[in-house]
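Biologist: Could you walk me through this one? I'd like to go from single residues up to the whole fold.

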Amino acid sequence: YDATPFLPGGRAGLPGLRKAAAQCRGCPLHEDATQTVFGEGDTSARLLLLGEQPGDQEDRQGRPFVGPAGRVLARALGDVGIDPEAAYVTNAVKHFKFTTPEGGKRRIHKSPNLREMTACRPWFLAELRLVSPEVVVALGATAGKALLGSSFRVTEQRGALLPWPDLGDGGEAAESVRGLVATIHPSAVLRADDRDAVYDGLVSDLRVVADVLS
Ligand code: URA
């Protein structure tokens, strides 16, 4: 599994990357997903937000974080004074992975595995080179593992400015990135019994991001 052969040569801009990613067959996830959901937003953003993979709505609409989790994220960013429109938003894996229990119509999210995450990584590295953000936010365990490896634990590492890891890309992106802040995935707020407390935790982690950018 590897997306590398599908990447455009040279220094493609966002439209060029998106167009090429739409044809990616670097892992089997393209087979069942509706479409590639590439990152979007301001390519000169100081902040890059990294999610896990598109959800049901994102898969249908072809845009990241346009569903319920995206609404939680936008509200939390607003609460700490970050304009969601001023960020670049993407996912570690660009296709929706799901199961359909009993062959029904409901599509249930399935976490991507390490091979799929690794296969998709060249797209993220290309986005990182393009945007050159100052801060990267990993939303949830999968995004955290994509950046920090399988030993990453959200509960232990959230809400602090962590040093930027070596992503094996020759350190090119690291020139701009001051660090990485990990937090929970916004969808965890929607699943929680104590939604308010979980939401407040997300907001306080994002406040660290706002402080670094201020
Ligand atoms: N969850 C994610 O991780 N990414 C999306 O784009 C939507 C939901």
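Biologist: In which helix is R60 found?
Modeller: Keep in mind that this is a predicted model. The helix spanning residues 56-61 includes R60. That helix is α2.

Biologist: Is R60 buried, partly exposed or exposed?
Modeller: Count the C-beta atoms around R60: there are 16 neighbours inside 10 Å. Being buried takes 20 or more, and being exposed takes 12 or fewer. R60 falls in between, so the label is partly exposed.

Biologist: How far apart in space are R60 and F96, C-alpha to C-alpha?
Modeller: In sequence, 36 residues separate R60 and F96. In space, their C-alpha to C-alpha distance is 9.5 Å.

Biologist: What is the phi of F65, and where does F65 sit?
Modeller: Most residues other than glycine have a negative phi. F65 isn't a glycine, yet its phi is positive, near 50°. As for its place, F65 is in the loop between α2 and α3 (68-79).

Biologist: Which of the two is F65, buried or exposed?
Modeller: A residue needs 20 or more C-beta neighbours to be called buried. F65 has 28 of them inside 10 Å, so F65 is buried.

Biologist: Which residue takes a positive phi just after α5?
Modeller: Helix α5 covers residues 141-148, and T142, A143, G144, K145 and A146 in it are buried. The elements covering those buried residues include β2 (47-51), α4 (114-131), β6 (135-139), α6 (154-157) and β8 (179-183). Just after α5 comes a phi of about 90°, and the residue is G149.

Biologist: What is L48 in contact with, leaving aside its neighbours within four places in sequence?
Modeller: L48 is one of the residues with the most contacts inside the largest nonpolar core. Its partners, once those sequence neighbours are set aside, are A87, Y88, L128, V131, P133 and V136.

Biologist: Which residues come nearest to the ligand?
Modeller: By class, the shell around the ligand holds 4 nonpolar, 7 polar and 2 charged residues. Of the 13 residues around the ligand, the nearest are G51, E52, G55, P64 and A69.

Biologist: What is the radius of gyration of the chain?
Modeller: The C-alpha trace spans about 45 × 40 × 30 Å along its principal axes. With 214 residues, a compact globule would come out near 17 Å. The chain agrees with that, at 16 Å.

Biologist: What percentage of the contacts with a separation of 6 or more link residues 24 or more positions apart?
Modeller: For context, the chain has 8 helices and 8 strands, and 41% of its 214 residues count as buried. Among those contacts, the share for residues 24 or more positions apart is 71%.

Biologist: Which domain does the UniProt annotation give for residues 38-207?
Modeller: In the model, that stretch is 39% helix and 16% strand, with its end C-alpha atoms 26 Å apart. The name comes from an unreviewed UniProt entry: Uracil-DNA glycosylase-like.

Terms used: Residues numbered from 1 in each chain as written. Predicted model: local features only at pLDDT ≥ 70, side-chain atom pairs only at ≥ 80, totals over all residues. UniProt positions renumbered as here; feature names shortened; annotations may be inferred. Helix = DSSP H or I, 4+ residues; strand = E, 2+ residues; numbered from the N terminus. Rg over C-alpha atoms; globule rule 2.2 N^0.38 Å. Contact = placed C-beta atoms within 7 Å. Near = placed C-beta within 6 Å. Nonpolar A, V, L, I, M, F, W, Y, C, P; charged D, E, K, R; others polar. Core = buried A, V, L, I, M, F, W, Y, C linked by C-beta atoms within 7 Å.
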